[in-house]
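This report describes selected elements of one protein chain and the residues around them. Please consult the sequence and the structure shown below while reading.

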Amino acid sequence: MRRFAVTLLLSDWLKTACSEVDALDARLLAQHVLGISRAELICRPETGIDPTRQEILDRLLARRAQGEPLAYLVGEARFRARTFKITPDVLVPRPETEELVGHAINKLSESLVPVANVLDLGCGSGVIAISIALECPQAKVTGVDSSITALAVARANAATLAAPVEFFESDWFSALAGRRFHLIVANPPYIAADDHNLAGDGLLFEPRLALTDEGDGLSCLRAIIHAAPCHLESGGYFLCEHGHEQGEAVRLLLADAGFIKVESWLDLSGNERFSGGKVAQCAELEEASENFRQEALASWQARPCLPKTLP
Ligand SMILES: C[S@@+](CC[C@H](N)C(=O)[O-])C[C@H]1O[C@@H](n2cnc3c(N)ncnc32)[C@H](O)[C@@H]1O
């Protein structure tokens with residue numbers, strides 16, 4: 001008796017897959033393995049899946065159901081309408097970080113310098129550095145990371161997207177002695193070592209170095225903010241992403257490091273997620289010290305039974 005291999009229909013595979021993982025993830029896995037567009041997937045549910053591809057699909061589906069991020073399974077992720085190569089050597093880019101880039105671009109648009117030197121500290125896959133380079137023609141962007149495997153992914157992304165970014169290995173500012181920037185952007189590891197979320201959905205698969213400082217969650221931010229003024233031009237700006245409960249602590253760190261106009265922004269979920277501050281220019285320093293002098297004078301004059309002029 002002749003036997004025929006049974007070809008599974010796409011619609012049947014999707015039905016089973018959607019009972020195990022999110023429907024969007026199931027659809028994206030199918031598009032990736034079958035090499036079809038979203039329109040083809042919707043219009044041709046009767047497409048047959050040959051046994052080899054079905055095996056690949058089933059294996060990826062099982063990994064997704066175990067919590068492995070979709071980006072690692074398909075090898076890419078979208079960020080600000082571009083496709084970036086993503087491997088387990090880098091953090092999967094988050095939607096909040098797209099907003100961080102938006103704030104960085106707003107700050108650059110306020111700057112009057114014809115060429116703005118921009119630094120992305122802890123560049124990972126390069127999503128921040130590359131997006132800024134492609135969206136701000138006046139930006140000359142440098143990205144650094146301590147992970148050489150992450151840097152390889154960042155360089156590959158810059159080459160594919162034709163983004164003029166220089167990337168090099170550095171433990172935060174260690175390889176940047178004497179260099180100053182108009183804008184420093186950082187999305188450092190900010191999850192505390194004892195945060196139970198580190199063992200949660202998906203994070204177990206991401207590089208630990210990208211997620212946690214192995215301390216209280218603020219140690220990388222502390223080190224970066226402390227050193228940043230020495231690497232900023234006069235009037236330069238520091239901008240970072242942080243945990244949703246770290247806003248107040250980060251503003252204090254910025255103020256302690258001498259930043260002025262310290263501010264924070266909410267992300268689209270309503271969490272305090274980004275903070276930044278400016279290095280004072282000479283005129284602003286003079287204004288700040290004049291304000292301080294006036295305040296000191298006013299409080300002196302307010303004291304009873306004292307001469308009305310400073311000694
Ligand atoms: C939260 S990830 C951000 C990655 C990428 N910028 C993004 O937003 O998707 C933090 C990055 O900081 C890097 N990193 C951790 N410690 C570092 C250090 N001491 N010096 C430089 N980079 C570091 C990690 O390798 C990782 O790529």
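The model is predicted. Strand 5, residues 116-121, is mostly covered, with five of its six residues buried. The chain crosses from strand 5 to strand 6 by way of helix 7, residues 127-135, and this β-α-β crossover is right-handed. Strand 5 pairs with strand 6 and also with strand 8, as the table sets out.

| Partner of strand 5 | Residues | Bridges | Direction | Example of a facing pair |
|---|---|---|---|---|
| Strand 6 | 139-145 | Six | Parallel | Ala 116 and Ala 139 |
| Strand 8 | 181-186 | Four | Parallel | Val 118 and Leu 183 |

In a regular strand, side chains alternate between the two faces of the sheet.

A loop residue comes next. Ala 163 lies in the loop that links helix 8 (148-160) to strand 7 (165-169). Is Ala 163 buried or exposed? Ala 163 has 20 other C-beta atoms within 10 Å; since 20 or more such atoms make a residue buried, Ala 163 is classed as buried. Leaving aside residues up to four places away in sequence, Ala 163 touches Ile 130, Ala 133, Leu 134 and Ala 158. The C-alpha atoms of Ala 163 and Ile 132 are 9.2 Å apart in space, although the two residues are 31 residues apart in sequence.

The remaining element is helix 2, residues 23-34.

The buried residues of helix 2 are Asp 25, Ala 26, Leu 29, Ala 30 and Val 33. These residues lie on the same side of helix 2, because they cover an arc of only 135° around the axis. An α-helix has 3.6 residues a turn, so residues three or four places apart point the same way. On the other side of helix 2, Ala 23 and Leu 24 are exposed.

Which helices do the buried residues of helix 2 pack against? Their partners are helix 1 (10-20), helix 3 (38-43), helix 4 (51-65) and helix 5 (70-74). Just after helix 2 comes Gly 35, which takes a positive phi of about 65°.

Key
Residues are numbered from 1 along each chain as its sequence is written. This is a predicted model: local features need pLDDT of at least 70, side-chain atom pairs count only at pLDDT 80 or more; totals for chains, interfaces and linings use all residues. A residue is buried if 20 or more other C-beta atoms lie within 10 Å of its own, exposed if 12 or fewer, and partly exposed in between; C-beta atoms are placed from the backbone. Helices (H or I, at least four residues) and strands (E, at least two) are DSSP runs, numbered from the N terminus. Two strands pair if DSSP finds at least two bridges between them. A crossover is right-handed if, with the strands pointing away from the viewer, the path from the first strand over the helix to the second runs clockwise. Two residues are in contact if their C-beta atoms, placed from the backbone, lie within 7 Å. The expected span of a helix is 1.5 Å times one less than its number of residues. The arc is that of the directions from the helix axis to the C-beta atoms.
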